[in-house]
Each structure stands twice: as structure tokens, then as C-alpha cells.
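Thanks for making time. I will go through one model today and stay with what can be read from its coordinates.

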Amino acid sequence: MLSRLRIAAAAAAAAAVAAFAVTSTAAFAQKKYDTGATDTEIKIGNIMPYSGPASAYGVIGKTEEAYFKMINDQGGINGRKVSFVSYDDAYSPPKAVEQVRKLAESDEVLVVFNPLGTPSNTAIQKYLNAKKIPQLFVATGATKWNDPKAFPWTIGWQPSYQSEAQIYAKWLMKEKPDAKVAILYQNDDFGKDYLKGTKDGFGAKAASTIIMEESYEVSEPSIDGHIVKIKAANPDVFLIYATPKFAAQAIKKTGELGWKPLQIVTNVSISVGSVMQPAGFENAQGVLSAAYAKDGTDPQWVTDPGMKKWSAFVDKYMPGADKTDNSVVYGYGAAQTLAKVLEMCGDDLTRANVMKQAASLKDFTPDTLLPGVKINTSATDFAPISQLQMQRFKGQKWELFGETISGDVAAE
Amino acid sequence: MSTAEDIVTEAPAVEAVPKRAMTLGFGTSLVVLAVLILVPLFVKNFIIFQLTMLLIYALAVLALNILTGGSGQFSLGQSAFYAVGAYTSAILMEHVGMNYALTLPIAGIVCFGFGFLFGQPALRLSGVYLALATFALATAMPQLLKLGYFEHWTGGVQGLVVTKPDAPELLQAMASWFHKSISQDMWLYYFTLAVGIAIYIASVNLLRSRSGRAFMAIRDNEIAASAMGVDVALYKTLAFGVSAGITGVAGGLGAIAVQFVAPDGYTITLAIQLFLGMVVGGVGWLPGSIVGSAFIIFVPNIAESFSKGLSGAVFGVLLFLVIFLVPHGARQVAIVAQQLIGKLKKN
């Protein structure tokens, strides 16, 4: 397979040389390529945890691969086929460095797109920036990716965890000013980012409002004990900054204890199929969260043109895929954003131009984002999605309410 | 209780290895060395980086081999020593501003102390129980690194980014006479190779020395060893210390090569990989370490090229085949090859 691609690339190069000899130089001069792009092909690199503790996210990589297959079937981008090379990093930083170096030096890709995980991205950031290879639309919500001055070749995609947490804090201060808040968070970068965002959001009121901070480890089989401990402190607002499995446990246990605080769960764990259903719909009634993308299982989007396209894509290119898995929605949206950027690049497929175009998206709306949520970037704003809308769980689905709230957090 | 004890004493299934068989012949060693020196001159930087990682993991596997193959003690906690070494180097380089080469002996000494101390309580345990105790150490380490108390130094969950060293100016000047340049990767490879060879020679000599014989006596029969006057407690903890020290140096080199340390890089998976590398390379056969290291670096990549979704399963099948066909790992292959060559010579 690989050698066939190489032959194809070599043939393309030969064709390009021949074309150069025949056509006028003026026409040719408009086309500009860096490593990884030719007249017929654009090579995109990616790393994903297909194995290891975070392997559930591997679906994102598979969705993106399927998306570019669809793009190629439709004739490619500006006539060029997209070749999507994705490797397994097992969520291990040393492996991520090895695989990204393989992408850059052996496969010679144009950009590294949507690598997943904060540790893996931190490990490869310095290398990619030194080599001036775009680290496009990283799949992590850490705040540090929006730092165009220090890292001009790295750009985020989804809203940062901190900005989301600030939105919750602001909403609570407005709607429930005398709240007694307990926070359950995962003891890693993900949980701590939310904790910081919440504290920043409450500002001077943080010390008096937050009555309890309880952390758990990903390696714990059950977090029921933490919930009982939190209930004993008697807060009336319960913030659940947990990954899907633990969020489901937290909502379920709260229901079983007959305890009814106002619960807010992180956007990471809003999947109806993998969180709300296992937690029990009766326990999940009234749980709040915020969203930026549509839910694949939510009946209100059945007639939505964007989600219809998404659904048709899943049926045709990922038969058998689980539509309740939010990763399928996520991968589609991210891949569509990349396709848009490559389209905007036209015939100037240099790494510098890819970065320039990625930083000049104006009101772009992928099919899967909520109405009103738009992607905007600029030379000083490397946080593409920064809007969210509050939602409440009712019956068997999320109901959006209020307006989309913007929560841009500047890099430190 | 007595049945439990029986099981425990029977558990170490490590075969006695005569000490000559623990190393390669002089001629073969030279050939391997020549290959290791020449290959980087002809390949891409990325492959050089992979080879550097190969050497680093080989060192860590070698360390485990001294412990298990030499003194007969099990450890699933090597990732913890590796992490301590990596963090020691990273912290000294980034916070203290120390030269990278100087941080390695310090990482080694810190880990030696750590391993020696851990060896004290571990003395009371043997076989599977010792394996479990070290397993606990490996599971605890990533969380310890995240503790808020150390966060100022360790960078907490975010880890630490390390600056990669350039080749010394003198060498660069010499290379430029030949119109060549020495990349950071190439320099780091040869640096790692030099450290690796030094540790390999030291290990071989250690196992051939009085202490090495004491290790092996303990491995073969603890009671007989103590009857012969071997201080069992001292040598067992010493083996732990030496093994941890070498793992620490490997960890330090790993931090410099990867340019990043984070708790997620040193989970129990790493400890199991190292254990796997030792078994595949041949328990107690030091040159097998590099074969075992190659197995844990390259076989997952091969498995992935078969199927992305089933890479774990393919890896499992390949591992099973190796264990089934050559249960003694690379050592067995080497012995068979040696016999074949011997026959050819006779004909």
C-alpha cells in the first residue's frame, strides 16, 4: 500500500516536471508546494490512541479517515486527493514523539492534524514548531494551545475546558448567587483545568462559594465513596468534572442516594448513549451542561440539514458505527474544518499558508455545530470554537436554553 | 501456610545460566558494535531517533535482566525507577541548568539509593509476592509525580519540556572539515551508545565478579548461598540498587531523547513492556536485551500495519508465537544459530 503510494507520488512528481516543461512558467509559478503536497495529493498526518487507556477516542481517527475517503470520492479538494495517515500513540508521550517524527520525516506529511491528548500534544509541540510543521486543530481542551506568539504552528479546535468552566461559574453567580458548590474533578490536567476555570469564574467569591473540592483517580474502579462524602458536606450545587464512565457513576449514585442538588456535568460527558443512559434517565433529569455540537442521538436534529448529511455519511462510510458515540460527531466536525482550510489554501499548499488560512476562518459553521456556534480565528486568536450554549437534560434528550455564551480565555 | 510457601519457593522458574553463556563471543560483539556505529551514518534522522530509543530501552531491559536473570528477583516496578531517573535529569536540566551529561550519573545515584531502599522491605518477599509489591510501586509512581507538593519541580500533570542538546562544538567543527554536519539526533545516538557500551561492559564484569557469583548463588539456591557465607540480604538489596540505578540512567537518557517528561509516560504499561523485552530477549542473557528492546519498539508498529483496530490482538498473537516457538527468547535463537555455524564449519 505504502509503496504504491510512493510510486503514485513519484509518478505525480514526474508528471509535474513534464508539465513544467510544456506549460508556461507563469502558470506554474502560482502553484506552491511544501513537502506533503503535490498536484494530485495532499498528505495529512495524525496520531490517535487506538490502543491503551484512552482507546475509546480512537473512533475520532476512524471517522476522520472515513471523512476524507468521502472527500476523495467526491473528487478531492481542488482536484487533489487527501491521503490520511494515522498512527497509534497509545496515549503515551514517548510513543507520540516517535510516531509524529515518523509522519514528518518518513511519510513526509504536509501537516499534523487533530492529534489527541494533552500529554501527547505537549510532547510533540516543541518539535513541530521547530520544524515549522502545522500542528492543526489539536484534540484537547487545554487552554495552552491558544498561544500564537510562543507557538505559531499550533492551533486548537474545541472550546477550552477553562472557558467552559467559567461559563458555568458565571451562570451560577447570576442564577443562584448564594450557591454552596461542591466540585468533583479528575486528578489530571483535564480536571485541574476545569477547577481553575471555575475558581477564576467565581473570582473573589470563589473561597466562600466553593465548599468542597474532591478529586478521584482514573484508575479507581468506582467513585461512589466520593459521592457519599460530598453529600455529607451538604452542598446544593454539584459540579461533575469527570470523564464519561465516572460522570455516569456520579449521576447514578446521586440519584440512588435520593439527593437532589443542582448538577452540572462537563461537556466531555454529555453523550446520551454512554453517560445519561447508563446513569439511568430517571437519575439524569434536570442535569445541566453546555454544548457546542449537536448530539447524534437527539431527535430534534433528525430534520436538521447538517445532521442529515452527517447521518448519511455515517451510513455510507462507517457502516455499523455507533451513532450515539459523540466521537463520531467530533471527528466529522474537525475533519470538515480541515477540509475547509485546505480548500481556502487553493494552489498555495505551503505549510505557512495552511497556518495562515487556519488563522483566518470567518464565521465557519461545520454541519455538526449548534446553530449560532461559529468558528472564528485570527492571527491573535488561535481558539477556533469558543462559544457554548447551556442545556438541560429532560426526558431522554438535552434541551438547549438561553443564548450562546462566549468564553474566550487568553493564553497566559 | 506451608502450601503457600511451597508455591512461593517453586515460583522462580529462572533457569540456571552458566556465566560464560551470559555474553557474546568477542568476534560477534565487534560485529554488533560495528553495525551499531555505522548504521546511523546512512539513515534518516527519524530512524536514528528510533535507534536511540532502542538503545535506551535496551539499557532498561538489561537492568531488569541483572535483577531477574542475575539475582533471581522479579520486578514489575521498573517503570518507577525509569520515571525517577527521567524526572531527576529533566529537573536538573530545566530548573538547575545543569549539563545533560552530568545529570545522568546523578539520576543513576538517586535511583540506586531509591532501589536499594526499596529492596530493604522487599527482602521479606519472594517470587510472586515481590512482583506484586513492585507492581504497587509502578502503579503509585504516576500519581506521586502529580502530587501538588512536588508540582513546582515536576510540573504536575503537565510535565516538563526538556531542551535537546547539540553536539559539542569541537565535534561539529571536525565534521565540517568533511563537509558533514552532526544533527542533534545523531549526536544523542552516539552519546547514548557510549553510555550503553560502558554500562554493558560494567554489567558483564559485575556478573563475572565475586558479587555476580553471589547474585547467581542466591538465584540458584538461597539457603545454600547463605551457607557458603553470602550475605543474602545485602546482595539482594544491592541487586535491586544496581538494577534501579541503570534503569535511572536509561530514564534520564529517555527524557533527553523524547524532550518531555510527564506522568503518563511512565505507567505500568512501560514496566510490563520492559518485562516483556526481558523475556523475549532471553532471561539472564545480557545481549538479548537489545533484541527484547527491538521487540517492544518495532513489533507494535508491525502489528498496527496489519490492522489499526486489532493492533493489540495482532501484537498478542505475535507475542504468543514467540513464546511458543522460542520460549527462551533470543538466547535460544542465538544458540541454534551457533550450532548451525559450528556444523557448517565442520563440513
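**A helix, a sheet and an interface**

I start with what covers one helix. The buried residues of α3(A) are covered by parts of chain A that include β2 (41–48), β3 (81–88), α13 (305–317) and α14 (326–345). Helices (H or I, at least four residues) and strands (E, at least two) are DSSP runs, numbered from the N terminus. Buried is the word for a residue with 20 or more other C-beta atoms within 10 Å of its own; exposed is 12 or fewer, partly exposed is in between, and C-beta atoms are placed from the backbone.

Some housekeeping. This is a predicted model, in which local features need pLDDT of at least 70 and side-chain atom pairs count only at pLDDT 80 or more, while totals for chains, interfaces and linings use all residues. Residues are numbered from 1 along each chain as its sequence is written, and chains are lettered from A and ligands numbered from 1 in the order in which they are written.

Back to the helix. Helix α3 of chain A covers residues 58–73, and its 16 residues reach 23 Å from first C-alpha to last, close to the 22 Å expected. That expected span is 1.5 Å times one less than the number of residues. Since 12 of the 16 residues of α3(A) are buried, the helix is largely enclosed by the rest of the structure. Among the buried ones are A:G58, A:K62, A:E64 and A:I71. Just after α3(A) comes A:G75, with a positive phi of about 105°.

Next, the sheet. In what order do the 4 strands of the open sheet in chain A lie? The order is β3-β2-β4-β5, with parallel pairing. Two strands pair if DSSP finds at least two bridges between them. The edge strands are β3 and β5 (135–136) of chain A, each pairing on one side only. β2(A) and β3(A) are joined by 8 bridges and run parallel, with A:M48 opposite A:D88 in β3(A). Of the 8 residues of β2(A), 7 are buried, so this strand is largely enclosed by the rest of the structure. Strand β4 (residues 111–113) of chain A is joined to β5(A) by 2 bridges, and A:F113 has A:L136 as its bridge partner in β5(A).

Phi of A:F137 is near 50°, a positive value in a residue other than glycine. For background, most residues other than glycine have a negative phi. A:F137 counts as buried because it has 26 C-beta neighbours inside 10 Å.

Now the two chains together. How many residues of chain B are in contact with chain A? 25 residues of chain B are in contact with 25 residues of chain A; contact is defined as C-beta atoms, placed from the backbone, within 7 Å of each other. α3(B) gives the most to the side of chain B that touches chain A, with 5 residues. By class, that side has 8 nonpolar, 12 polar and 5 charged residues. Here Ala, Val, Leu, Ile, Met, Phe, Trp, Tyr, Cys and Pro count as nonpolar, Asp, Glu, Lys and Arg as charged, and the others, Gly among them, as polar.

That is where I will stop.

Conventions:
Contact = placed C-beta atoms within 7 Å.
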